[in-house]
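Reader: I'm new to this one. Could you show me the structure and let me ask how you know things about it?

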Amino acid sequence: VQLQASGGGLVQDGGSLRLSCAASGGTFSDYALGWFRQAPGKEREFVAAISRSGGSKYYAEYVMGRFTILSDNAKNTMYLQMNSLKPEDTAVYYCAADRRLNRGRYDYDYWGQGTLVTVSS
């Protein structure tokens with residue numbers, strides 16, 4: 001499966017952005033999907049994940065209550081709605097897919113190219 005992330009940009013502290021991850025080349029509903037991010041000089045970290053059915057969702061504690069992960073099987077697209085953004089959310093955001101729902105970056109077999117989110121103070 002191929003993944004294409006989009007929707008990043010520059011936003012002020014407290015603002016919102018919605019990231020999208022479009023999937024192709026596979027059966028969308030066969031995959032659990034996740035969002036990860038990597039800030040300059042830091043390791044890639046887990047943000048959120050959603051099961052194949054959309055019935056189970058995981059969030060990292062540092063985004064819980066601010067970010068929402070969604071999937072639309074009809075559009076083969078996953079979303080990350082990010083509200084109340086903070087400067088520390090600045091990073092390149094990556095979407096990923098795997099057969100199983102996981103939080104670990106090494107558990108995902110398929111990755112998109114990343115989209116940059118910059119939150120200014």
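Author: Two ground rules. This is a predicted model, where local features need pLDDT of at least 70, side-chain atom pairs count only at pLDDT 80 or more, and totals for chains, interfaces and linings use all residues. Residues are numbered from 1 along each chain as its sequence is written, and side-chain values use heavy atoms, with hydrogens and water left out.

Reader: What makes glutamate 45 and arginine 37 a salt bridge?

Author: The term asks for a side-chain nitrogen of Lys or Arg within 4 Å of a carboxyl oxygen of Asp or Glu. Here the closest N and O atoms are 2.7 Å apart, so the pair qualifies.

Reader: Why is arginine 37 called buried, and what is glutamate 45 called?

Author: Buried means under 20% relative accessible area, exposed over 50%, and partly exposed in between (1.4 Å probe, protein chains only). Arginine 37 has 6%, so it is buried. Glutamate 45 has 28%, so it is partly exposed.

Reader: Which residue does arginine 66 form a salt bridge with?

Author: Aspartate 89, with the closest N and O atoms 2.7 Å apart. Arginine 66 sits in the loop between strand 6 and strand 7, and aspartate 89 in the loop between strand 8 and strand 9, so this pair ties together parts 23 residues apart in sequence. Strands here are DSSP runs (E, at least two residues; helices are H or I, at least four), numbered from the N terminus.

Reader: Are arginine 66 and aspartate 89 buried or exposed?

Author: Buried: arginine 66 has a relative accessible area of 11%, and aspartate 89 has 1%. Aspartate 89 also bridges to arginine 37, at 2.9 Å between the closest N and O atoms.

Reader: What makes a nonpolar core?

Author: A set of buried Ala, Val, Leu, Ile, Met, Phe, Trp, Tyr and Cys residues joined through side-chain atoms within 4.5 Å. The largest has 35 residues, and Trp35 and Tyr93 are among those touching the most other members.
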